Amino acid sequence: MPTSERKVATMLFADLVGSTALAASDDPEHIRALLDRFYDAMADEIEASGGTIEKFAGDAVMAVFGVPVAHEDHAERALHSALAMRARMEQLFGGRLHLRIGVNTGEIMAGTARAGSSFASGDAVNVAARLEQGAAPDEILVGDRTAVLVGAAFAMSEPFVIEAKGKEGGVRARRLVGALALSRPRGGLGRAFVGREHELEALAGAYEQVLRDRVPKSVAVVGEPGVGKSRLLDEFARQLERRTPAPLVRTGRCLSYGRGLTYRPMADILRLELGLQDTDPPEAALEQLGDRAILGLALGLSVADDLHPLVVRERFTQGWIEFLDDRATRRPLVLVIEDTHWAEEPLIELLRALHQRVTGPLLIVATSRPEGREELPADLRIELDALATGDADDLVTELMGGDLPVEVRDLVVRRAEGNPFYIEELLATLIDRGAIARSTDGWVLQRAVEDRELPDTVQAVLAARIDLLPAVEKRALQAAAVMGRVFWDAPVHELVAGTQPDLGLLERRSFVSRTVESSPTGPTEYAFKHQLTREVAYDSLPKAERGRLHATLAGYLERDAGEATVPFLAHHYEQAVRDDYAALAWVDAPGEFNRLRERALHWLRIAAQRAASRYEMEAAVALYARALELAPDDPTRFELWRALAGVQSQRYDARGFVSASEHAIALAPDQRTVTALYAELALRSCTAWLAWSPPLARKQVEGWIDRVLAGSGPDSRERGMALVAQAWHTDHAIDTASEALSIAERIDDPELTAWSLRVWTIAAMQAGRYDEAAAGSERVLALLDRIADPGDRETLVENTALRVAAATGRFGDARRFSGLVSELVADLTPHNRVHGVAYALEIEELAAGWARIREAERRVEQAVEENRATPCVRNARSLLVCALAEAALGDNEAARRFERQASALGIEGYARELTAPTLRMALLRGDRAQVTRLFDAYGRPTMRFMFDMAGAAAWLDAAAALDRADDVERDAPALAVPGTCIEPFALRALGTVRHDDALLEQARRRFLELGLDWFLTAAG
């Protein structure tokens, strides 16, 4: 078992003021007696609040709350204790001696207590000491984190800064004024009730049964901390208030610490019923109780005289039965007993007696956590589970309003996993830490929100529950956390060798649950019911212990390594040697560290290769990046950078591809390898160019090409790759592409042949040689089966066969090729899938298939959202085409919505590509000024790409509408190629500016032949 743990706890430092002067003027024996009284009194107050004396040093005391056992309210306990200590000093010494106190919360390392030394260490301890030193006599200074954690339970001053040794800029502090409540109030963001209608109906049904049968009933409401037990009962109480007659509702709460707790809930109920205050003298309570003075036991009054304890208990029980019988004869009675998981046996027995022996309409409702007492009486048991995702989203809306940034809303809902308390605390923490702020337009995001931001309140609740486990089961939970959200029983037993944990106990207490995949004969699979529980259990382990456990687990998994275990092996070996763990775990075992690092690197590389083979590119990139951190030498780093460059190329991350390639070039073993790497850069500059934002500088690409041509042989693959790139980036491409094709055919390289044909086909289209382009595209299709990368196959089909079919107006063939592309990209990256939907849209943009586009809109939005990380121009352009379709169908509101979505993507450097749909929309709307602006910005039309075709069509219609005769005469004749989809647009533009009816009639016939009727009536 580990002897140390990481914990978030609250430290209290207290120091006597004036004791030095007193010691100099008084007898040593007297001083000793005085200090003993001081020590005993302070220890009594600290221990009554559940704190632990860390040490006494001279006339100072150090205590910690939340260690060795975590408490969910450790900060409140510490402040209540500080107030009690100050009051006790006044009581004992009457102003002769004074106390100054500092209280601070933070992460500490809690170890085993040793004589003469601390068992708590960390910066939080030092800050608490500085706060105490900065306090005035009888003053309690509180650190920022403590103040936030206790919320509105205490009155404090505004924050100020005190000077503190070793703390540049000082330490923020608040003066503690007094207590306002026993514990931190929940629900500070407002009142909301969602998703518990069924449970509320069950409570109402139980109450109806009490009214009908006139006999007591008991209901147990069971659920994890924060799941909404109190919220449900509050709503139930408000519902009861609206009834006629309204029942008498009285509430008491069990506490986990303090004096005289056994019957504390009954004391709460008694005070409410009799109108008593905590500060009322005993005489006032006894006067109110009259002949039922025995009930004063609940208030801590001495009313039992010399009676035997068993007699006292029976009279006390009978007194409560008569008291409640009397109340229930007047009006129905509802007793709410909260947090009965803290209840002691005598209270449970009393509740059982009330349930059995009271004769009037009484409903007892008790709340408990899963680890609560099973003997709690209950006719009905209501178990609260986490809220469904939709209900959790509604809760966020009610708490914050509907204007919360969507990324914050999604993060909170995902992290909280349906726990209302976690939702509220996560939101409050984001506000307190300045991540979100209220503005005149609603909530706005102030900074990036980290996924693992965990409120101290939530951490405290979970840590306290974990610490209530038996030591062996707690250790098993921590070991399971090392494995992850999902774990198996056999590895857990390996990690806690020598013990026999009961995993069923973890299940019964709702920490974990068995998964549906568990087999009755094989290993049992479990999952943490809440990811935050897993994080708190894991974070409680010292870093050295984490490293060693990861190493042990990896060794266990490696004994029977299979395909499914590869990612786990990579992760656990890598975690075992990460810097902050290794510095503590393996400082005395460098040989073991080197062995573990070698195993981590081995499995990370295998895991990355297998992820890439499954086209899980994000995972492959992350795995290679982690491997690079562990690489021991330049040759290994070179291999990893080169492999990473290949993955980045396949996922269309051009920036990542260039960066990885440049790192590999810097480490390359020889010039030939350098040339090969530059050849890859050059080729990918034209195969993935749409991923650049802004586009690559042409000069940079030309530099890569020149390096390859200067360093490669005449028939080398590298030279062919450079020529393909050169052909792509020049206006005279056919000859260069032909040279690349000759090299590819001589060396029988199908991939280079396909890329050469691709750029040759596009060049032929540019030159108006569509028959030759079609022949080239057929040759590319014949090579597809020999192209290894499915992403490359997608690009080749789109750039050749699909493009030629669309350009020549064969829209049926174009749709067929678009379907082939969709099949090819279905299992690839989000960027590939955006291309798949974009091609289909661009065909319909040419063919005026607006209804088809509308049918695809939801798929388009989803694909674009998934691809937001890649700055591809087709993200925004696809949304603009949807906007155009809606405008063409008459729904301008929907069109504007898509335009706003496209604008929000912030795509830079592709104004021309984005102009075509916006120019067509301006024509539809009759906005002459907008048409003029976009027309002038577009430049000269071309037929190079799919969206260039729609752009050329819109440009021709705009030129005619604006009567730009010079522009039309310059460019339209070259576009009026017979047999193309642009031919009728070019003929119509020429006929318009020349006032030539024959050309206009020829254009009309071609529109009809191509099925482009819409453009005859609605093209502007």
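Tyrosine 615 lies in the loop that links helix H23 (590–613) to helix H24 (617–630). The model is predicted. Within it, the backbone of tyrosine 615 stands out by its phi, which is near 60°, a positive value in a residue other than glycine. Buried means under 20% relative accessible area. Tyrosine 615 has a relative accessibility of 9% and therefore counts as buried.

A positive phi also occurs at aspartate 748, with a value of about 50°, although this residue is not a glycine. Aspartate 748 is placed in the loop between helix H30 (734–746) and helix H31 (750–766). Residues over 50% relative accessible area are classed as exposed. Aspartate 748 is exposed, because its relative accessible area is 55%. Tyrosine 615, by contrast, is buried.

Cis peptide bonds were examined next. Valine 67 and proline 68 are joined by a cis peptide bond, with omega of about 5°. Proline 68 is found in the loop that runs between strand E3 (60–65) and helix H3 (74–93).

A cis peptide bond also joins threonine 244 and proline 245. Here omega is about -5°. Proline 245 belongs to the loop between helix H7 (229–241) and strand E11 (248–253).

Most residues other than glycine have a negative phi, and most peptide bonds are trans. Tyrosine 615 has a positive phi, as does aspartate 748. The bond between valine 67 and proline 68 is cis, and so is the bond between threonine 244 and proline 245.

How values were computed. Residues numbered from 1 in each chain as written. Predicted model: local features only at pLDDT ≥ 70, side-chain atom pairs only at ≥ 80, totals over all residues. Heavy atoms only, no water. Helix = DSSP H or I, 4+ residues; strand = E, 2+ residues; numbered from the N terminus. Buried < 20%, exposed > 50% of the residue type's maximum accessible area, 1.4 Å probe, protein only.
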